[in-house]
Amino acid sequence: MEWAEIFSEGRTAAFILLFTRFSALFMAVPIFSHANIPMSLKAAMAFFFTIVFYSSLPPLHIPLDAMTLTVAILGEMLFGLTVGIILQLAYHVITFAGGQISFMMGFTLASAIDPQSGVSMPIIGQFLALVALMILLALDLHHWIILFASESLSTVPLGGFMVTPELFKFIIHGMVNMFVVGFMIAFPITALSMLADVIFGMLMKTMPQFNLLVIGMPIKIGVAFLVLMATLSATMLIVNSQMQNAFHILEKLF
């Protein structure tokens with residue numbers, strides 16, 4: 001490829017659009033959007049992958065005027081945001097379940113800063129989110145994202161992303177799925193906690209000297225931890241299944 005062709009208007013616009021796509025992806029998708037990753041490193045990764053995939057780019061089929069390029073850049077940003085929302089909804093199933101479990105265990109006030117999102121969340125939810133993140137790293141989720149970005153260049157040309165009603169349908173379905181699956185994950189501990197509350201209420205009626213805060217809460221927390229350890233492997237399998245379903249949805253959409 002000659003230097004004049006490399007620095008032509010079409011190739012320069014394609015480089016900018018490709019860099020925008022990778023930047024938006026790394027700002028929105030799990031793992032790469034981790035709050036502890038410096039912004040400069042995210043920008044460097046986006047620039048590196050732009051150079052890697054630049055030579056395999058198909059030619060642009062859009063006008064090279066200012067208005068069209070501005071709309072195309074906004075479309076690439078929206079593309080990365082859409083992919084990030086779909087994957088984040090699948091990943092945050094476990095954080096939603098962790099919040100419910102923390103509430104039932106009485107750990108709502110025991111919160112810490114989540115390194116993934118940078119916001120405060122219950123400590124049980126943070127623990128489950130970190131375990132899920134390690135499992136997804138072991139399953140090469142970051143490689144899945146790079147492969148998807150590579151394949152999207154042929155299925156969704158640069159500057160060709162369009163918002164469709166089907167896209168909104170899948171996002172709404174993902175939000176509903178996050179609540180449903182999150183409740184399913186937290187259900188064993190929720191059910192046992194409610195059963196323990198009923199038993200403790202009966203004991204307090206029959207034995208008024210029974211101190212619920214001194215005796216009941218440690219028992220309730222201990223039972224919840226036992227159930228959490230017993231169901232942890234199944235919970236991680238559910239998270240893995242949710243991420244695979246999210247990538248299947250991305251294959252259908254793009």
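**Figure 1. Surroundings of T82 in the predicted model.** T82 touches F161, L167, I171 and F254, leaving aside residues up to four places away in sequence; contact means heavy atoms within 4.5 Å. The model is predicted: local features need pLDDT of at least 70, side-chain atom pairs count only at pLDDT 80 or more, and totals for chains, interfaces and linings use all residues. Residues are numbered from 1 along each chain as its sequence is written, and side-chain values use heavy atoms, with hydrogens and water left out. T82 is found in helix α4, residues 66–91. Helices (H or I, at least four residues) and strands (E, at least two) are DSSP runs, numbered from the N terminus. The side chain of T82 reaches the backbone oxygen of L78 at 2.7 Å. Is T82 buried or exposed? T82 counts as buried because its relative accessibility is 5%. Buried means under 20% relative accessible area, exposed over 50%, and partly exposed in between (1.4 Å probe, protein chains only).

**Figure 2. Packing of helix α4 on helix α8.** The axes of α4 and α8 lie 9 Å apart, and the two helices pack at an angle of about 25 degrees. That makes α4 roughly parallel to α8. On the α4 side the contact is made by T82, I85, I86 and L89, and on the α8 side by L167, I171, G174, M175 and M178. Axes are lines fitted to C-alpha atoms, for helices over the stretch in contact, and angles run from 0 to 180 degrees between N-to-C directions. Angles under 35 degrees count as roughly parallel, over 145 as roughly antiparallel, 65 to 115 as roughly perpendicular and the rest as oblique. α4 passes α8 in a left-handed crossing. A crossing is left-handed if the near helix is turned anticlockwise from the far one by less than a right angle, and right-handed if clockwise.

**Figure 3. Packing of helix α5 on helix α8.** Helix α5 (residues 93–105) and helix α8 (residues 165–206) have axes that come within 8 Å and cross at roughly 25 degrees. α5 is therefore roughly parallel to α8. The crossing of α5 past α8 is right-handed. Residues of α5 that meet α8 include V93, F96, Q100 and M104. Their partners in α8 include M178, F183, I189 and M194.

**Figure 4. N240 in helix α9.** N240 is found in helix α9, residues 212–253. With a relative accessibility of 15%, N240 counts as buried. N240 touches L139 and W144, not counting residues up to four places away in sequence. From C-alpha to C-alpha, N240 and L141 are 9.6 Å apart in space, although 99 residues separate them in sequence.

Figure 5. Which residues does F247 touch, not counting residues up to four places away in sequence? They are L87, L141, W144, I145 and F148. F247 counts as buried, at 11% relative accessibility. F247 and I86 are 161 residues apart along the chain, with their C-alpha atoms separated by 8.6 Å.

**Figure 6. Overview of the chain.** The chain has nine helices and two strands, and from the N terminus on the elements run α-α-α-α-α-β-β-α-α-α-α. Of its 254 residues, 43% count as buried. Among contacts between residues at least 6 apart in sequence, 79% join residues at least 24 apart.

Definitions and conventions. A polar contact is a pair of N or O atoms within 3.5 Å; within protein, one must be able to donate a hydrogen and the other to accept it, and residues adjacent in sequence count only if both atoms are side-chain atoms.
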